[in-house]
Amino acid sequence: KELADETPVCFAPDIAYAHYLVAKDQVQIAVESLSPEAIDVVELEKGLVEKRFADWRRAGVEEAKKLVSGIAHLEGLDQELDRVGADTRFELLQEIASQHALSAIYVASPPNFSEITGIAATEGASVLWSADTQSVFLFLPQGAPAPEGSEAVGSFGSVSEAVALLIGEDKAVGVEEEFIGTALALSLTEGEIIPIQTELGHWRDVRDSEDLPFQVIASRTSVTIMENTLEWTNSRLERGEEFTELDIYAHYLEELEDYALQFTFDVEPYFTNLHSSNRMLFPGPPVDFPINAETRCIQLDAGVAVKKDGVVLGTSDMARSLPRTAAGQEAYEYFFKAVREGIIGQLRPGVICADVHEATLDYLSPQLPRMIDIGMLGADTDFNTIYRKRNVGHLMGKQESFANELRPGYKHILHHGSYGAAEIPWRYNGVAIGTEDLWYIGADKTYILSQR
């Protein structure tokens with residue numbers, strides 16, 4: 001604002017609409033015009049979308065059941081898997097539209113695109129959900145192949161032209177403000193543009209139980225390959241060997257490749273943070289950094305994605321560490337207990353996300369003097385103030401949720417079927433510890449899906 005003074009700030013057409021919303025009341029903004037690009041529009045029958053997911057889920061249930069069979073702490077999860085079958089994606093999408101008086105919802109982000117269409121996101125493709133007709137209109141770059149089973153609607157000179165002809169010129173449209181350029185957002189309709197990205201994240205979160213088999217596959221894959229990888233790493237260190245973060249990552253990928261052979265679904269790396277505390281304390285991808293007798297701790301914070309035909313069906317997000325100092329090992333053991341007892345132990349239907357965070361701080365409080373004694377916390381550190389600035393977990397919704405976190409201010413009420421992660425990251429005195437587990441709230445108990 002100070003730099004702009006009274007001069008209009010020029011926005012390129014593809015700058016995210018979210019930035020425009022933040023800046024428009026602070027400075028004058030001139031938005032460059034969007035060059036029209038012709039598109040083809042086809043309609044997807046929503047029943048076919050639902051059938052595609054139903055077929056995948058049916059196969060997923062059988063494969064997930066094999067993974068939990070005979071594991072005592074997961075007893076009863078097979079009954080949760082047997083309940084999988086409902087599909088509320090379009091019903092709940094309609095609720096969002098009704099709450100905001102929307103005629104349509106325009107989507108371009110990969111997770112929401114796939115959730116509405118049942119196909120993998122591709123460059124230049126987007127989708128319009130018509131609330132008035134409950135129709136799914138797929139927008140494709142002109143000449144791009146249409147998916148099997150779709151019905152041609154026509155070709156249009158631009159996205160805005162297609163929207164106007166499909167739903168009317170002055171209709172309210174919901175958009176993902178971080179996934180639509182400002183120029184397109186402002187030209188999309190003569191009616192109101194409503195940012196609903198958070199609501200769409202919540203829309204995915206609350207339906208996680210419908211894709212439970214894929215959450216199980218992702219969780220059991222991650223815990224197995226991550227713990228195997230760190231056991232392999234520890235064995236090499238105990239033998240006095242020296243290697244690098246990239247060597248650990250290569251072994252992690254080998255573990256994933258071997259474990260994934262049992263599935264008819266693709267299981268791929270979703271994200272991987274792997275680093276020595278000697279290099280840095282905050283998560284980051286592996287590099288050619290030495291791992292040796294001087295290594296204080298290794299943190300592996302990673303997840304996998306379960307896919308079919310390129311569509312993400314489930315993901316994981318968990319962390320394990322290999323502390324090499326006595327203080328780090330003691331802290332790691334305690335934080336593992338804190339995650340499983342202090343956080344996941346609270347989770348049940350009816351619990352409010354914000355309350356979980358406050359109760360976690362209460363759980364940790366008696367142990368803080370010990371952390372100070374062993375050099376894992378500063379005596380003058382205002383722990384509660386610092387930790388209230390971050391979460392102790394989150395729901396998933398096909399990726400880490402920013403719509404529903406276990407954090408102050410988040411009022412979402414957990415329910416039967418909620419799926420997410422619980423975590424205590426601890427970075428102090430040259431040691432970066434990550435402890436994170438995945439949980440699922442069942443009808444009778446809460447399961448730790450990422451516990452061996």
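A: Setting aside neighbours within four places in sequence, Ser276 is in contact (heavy atoms within 4.5 Å) with Glu245, Phe289, Ile291, Thr295 and Cys297. The model is a predicted one, in which local features need pLDDT of at least 70 and side-chain atom pairs count only at pLDDT 80 or more, while totals for chains, interfaces and linings use all residues. Residues are numbered from 1 along each chain as its sequence is written, and side-chain values use heavy atoms, with hydrogens and water left out.

Ser276 belongs to strand E11, residues 266-276; helices (H or I, at least four residues) and strands (E, at least two) are DSSP runs numbered from the N terminus. Ser276 counts as buried because its relative accessibility is 0%, where buried means under 20% relative accessible area, exposed over 50% and partly exposed in between, with a 1.4 Å probe and protein chains only.

From Ile291, one of the contacts of Ser276, the picture leads on to Ile248, which touches Thr229, Trp232, Thr233, Phe243, Leu274, Ile291 and Ile298 when residues up to four places away in sequence are not counted. Ile248 sits in helix H10 and, with 0% relative accessibility, is buried as well. The C-alpha atom of Ile248 is separated by 44 Å from that of Trp129, 119 residues apart from it along the chain.

The axes of H9 and H10 (residues 245-259) come within 9 Å and cross at roughly 140 degrees, which makes H9 oblique to H10. Here axes are lines fitted to C-alpha atoms, for helices over the stretch in contact, and angles run from 0 to 180 degrees between N-to-C directions; angles under 35 degrees count as roughly parallel, over 145 as roughly antiparallel, 65 to 115 as roughly perpendicular, and the rest as oblique. The crossing of H9 and H10 is right-handed, a term for the near helix being turned clockwise from the far one by less than a right angle. On the H9 side, the residues that meet H10 include Thr229, Trp232 and Thr233, while Ile248, His251 and Tyr252 are among those that H10 contributes. By class, this contact has seven nonpolar, six polar and four charged residues, with Ala, Val, Leu, Ile, Met, Phe, Trp, Tyr, Cys and Pro counted as nonpolar, Asp, Glu, Lys and Arg as charged, and the others, Gly among them, as polar.

The nonpolar cores come next, each a set of buried Ala, Val, Leu, Ile, Met, Phe, Trp, Tyr and Cys residues joined through side-chain atoms within 4.5 Å. The largest has 74 residues, and Leu77, Ile105 and Ile217 touch the most other members. Its largest share, ten residues, comes from helix H9, residues 212-238. Beyond its neighbours within four places in sequence, Leu77 is in contact with Val68, Leu212, Val216, Tyr440, Tyr447 and Leu449. Another core of 36 residues lies apart, with Leu347, Leu364, Ile433 and Ile441 among its members.

Helix H11 (residues 326-343) and helix H12 (residues 353-364) pack at about 135 degrees with their axes 10 Å apart, so H11 is oblique to H12, and their crossing is right-handed. Among the residues that make this contact are Tyr334, Phe335 and Ala338 of H11, with Val356, Thr360, Tyr363 and Leu364 of H12; by class it has seven nonpolar, two polar and two charged residues.

Elsewhere, helix H4 (residues 89-99) has Arg89, Phe90, Leu92, Leu93, Gln94, Ile96 and Ala97 buried, and their cover includes helix H2 (46-68), strand E4 (104-107) and helix H8 (197-205). Just after H4, Ala101 takes a positive phi of about 55 degrees. Leu102, in the loop between H4 and E4, is buried with a relative accessible area of 6%, and its C-alpha atom is separated by 6.4 Å from that of Gly174, 72 residues apart along the chain.
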